[in-house]
Each structure stands twice: as structure tokens, then as C-alpha cells.
Amino acid sequence: MATVEVEGIPFPQEITINNPLSLLANGITDIEIHFLQIKYNAIGVYLEKDNVLAHLESWKAKKAEELVQDDGFFHALVSAPVEKLFRIVVIKEIKGSQYGVQLESSVRDRLVSVDKYEDEEEEALEKVTEFFQSKYFKPNSVLTFHFPTTPGIAEISFVTEGKGEAKLTVENNNVAEMIQKWYLGGESAVSPTTVKSLADQFAELLSA
């Protein structure tokens, strides 16, 4: 199986859950402290290539520089009725609770800003935070977010050395959408390198 290296970590070019999904973007999450770059996670974004391209026809012949600033493009990508998978591999170890709090606050803020944060969303988010509470993100641990074609579902999986796979299914349309937006949300996404990679790749694929 062919792989692509992201920060020295191999990502398979294709993963099959329900359908074959192609690695269409990659990047990292990082922060800079006193001019020192600290890299936390490597990210691979897998999508149903042909179906997603058909859904994004309106952006044909757009340049990467245009796509990267186009919120409409990223919104269309998130709402595309295609299977998606985010594979996140840990580079720098942190407590799972730290990651869970970041995810929870970002998703909650996004929901509040569009007036979609109700009791059901709060309950779904609490389950996500609880899921990460007991986890420890050792280097090379693998976190997966899988979004089936059926809207409103996010399947979260976590695998770390010496432990079995832990899984959680989130069944809330708004929460599932905002988790996608955390990684695919254009300028507001958590990883600018992944967003740039998406724009570069789609500019090329949509001009073919």
C-alpha cells in the first residue's frame, strides 16, 4: 500500500471503511512559543474523491489562493454528502483531556455563534469530553474521526500502544458538522497547513 509521509509518519494513500477513501490533504497542528515551533499532531483528510469532486463543480478552475480564502468552498466541502475520515497521529504527547477540552470549546463556540447550542448538543459534547478524559495521547497514537455518508453521525476511535481500540459514536447533526468544521473550516480551522493542502489539492483536481 502506497503511503505519504507527514512529519515522518506514514499515511496510507487510501483507506476503506464503507467506500475507498483517498488521502486528499494533510497537515499538522502546532503552536509557536518564543520562536520555537511545537508540533502536536499530523493530520490526513480522506474523502470519496469522485463524489466530492462532483459536489464541488462550482469551484472548477479556481486557483488555490482563491479557494483557501473562500468560506463557501469549505462550507460546501463540509456539507458534501460523501463519506469522510480524518486520521490524526500524535507527534507530541499530551493528556487526552487537553485535546477534549480544545475540541469541546471550539465546537461549542461554533454552535453558539449560529444559535444551535441546545440541550441535545450539550449532551453530545459532554460524551465527547468524557471519552477523551481518560485517554493519554502517547506519540504515534491514532485518533480517527469517521463521518459516514448518513449525515449527523461522527464515529470517533482512539488507538494507543498497549491498549485496545476505544470508540464513541456521536449522533447529533450539529455537533458532527462542527467537528468537521474544526478541521475543514477554512480560515477558522485548527490546522492552517491542512486547509492550505486542501486548497492546493482541490485546485489541481478541479482544473483537471
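Axes first: I take them as lines fitted to C-alpha atoms, for helices over the stretch in contact, with angles running from 0 to 180 degrees between N-to-C directions. Helices (H or I, at least four residues) and strands (E, at least two) are DSSP runs, numbered from the N terminus. This is a predicted model, where local features need pLDDT of at least 70 and side-chain atom pairs count only at pLDDT 80 or more, while totals for chains, interfaces and linings use all residues. Residues are numbered from 1 along each chain as its sequence is written, and side-chain values use heavy atoms, with hydrogens and water left out.

**Entry 1: α3 against α6**

I looked up helix α3 (residues 71–79) and helix α6 (residues 173–184): their axes come within 10 Å and cross at roughly 135 degrees. My cut-offs are under 35 degrees for roughly parallel, over 145 for roughly antiparallel, 65 to 115 for roughly perpendicular, and oblique for the rest. So α3 and α6 are oblique to each other.

Which residues of α3 and α6 meet? From α3 I get Phe74, His75, Leu77 and Val78, and from α6 Glu177, Gln180, Lys181 and Leu184 (contact means heavy atoms within 4.5 Å). By class, this contact has four nonpolar, two polar and two charged residues. For the classes, Ala, Val, Leu, Ile, Met, Phe, Trp, Tyr, Cys and Pro count as nonpolar, Asp, Glu, Lys and Arg as charged, and the others, Gly among them, as polar.

**Entry 2: α3 against α7**

Next I checked α3 with α7, which pack at an angle of about 90 degrees with their axes 12 Å apart. That makes α3 and α7 roughly perpendicular to each other. Phe73, Phe74 and Leu77 of α3 make the contact with Val195, Leu198 and Phe202 of α7. I get six nonpolar residues here, no polar and no charged.

**Entry 3: salt bridges**

How many salt bridges does a search of the whole structure find? It finds four, a salt bridge being a side-chain nitrogen of Lys or Arg within 4 Å of a carboxyl oxygen of Asp or Glu.

Lys39 pairs with Glu7, the closest N and O atoms being 2.8 Å apart. Lys39 sits in strand β5 (residues 36–47) and Glu7 in the loop between β1 (3–6) and β2 (9–12), so the pair ties together parts that are 32 residues apart in sequence. For accessibility I use buried for under 20% relative accessible area, exposed for over 50%, and partly exposed in between (1.4 Å probe, protein chains only). Lys39 is partly exposed at 26%, and Glu7 is partly exposed at 44%.

Arg108 bridges to Glu104, again with 2.8 Å between the closest N and O atoms. Both lie in helix α4 (residues 96–113), four residues apart, about one turn of the helix. Arg108 is partly exposed at 27%, whereas Glu104 is buried at 17%.

Asp200 and Lys196 meet at 2.8 Å, N to O. They both lie in helix α7 (residues 192–207), four residues apart.

**Entry 4: positive phi**

Phe35 has a positive phi of about 65 degrees although it is not a glycine. I find Phe35 in the loop between β4 (20–33) and β5, exposed at 81%. Asp115 is not a glycine either, and its phi is positive at about 60 degrees. Asp115 lies in the loop between α4 and α5 (119–133) and is exposed at 65%.
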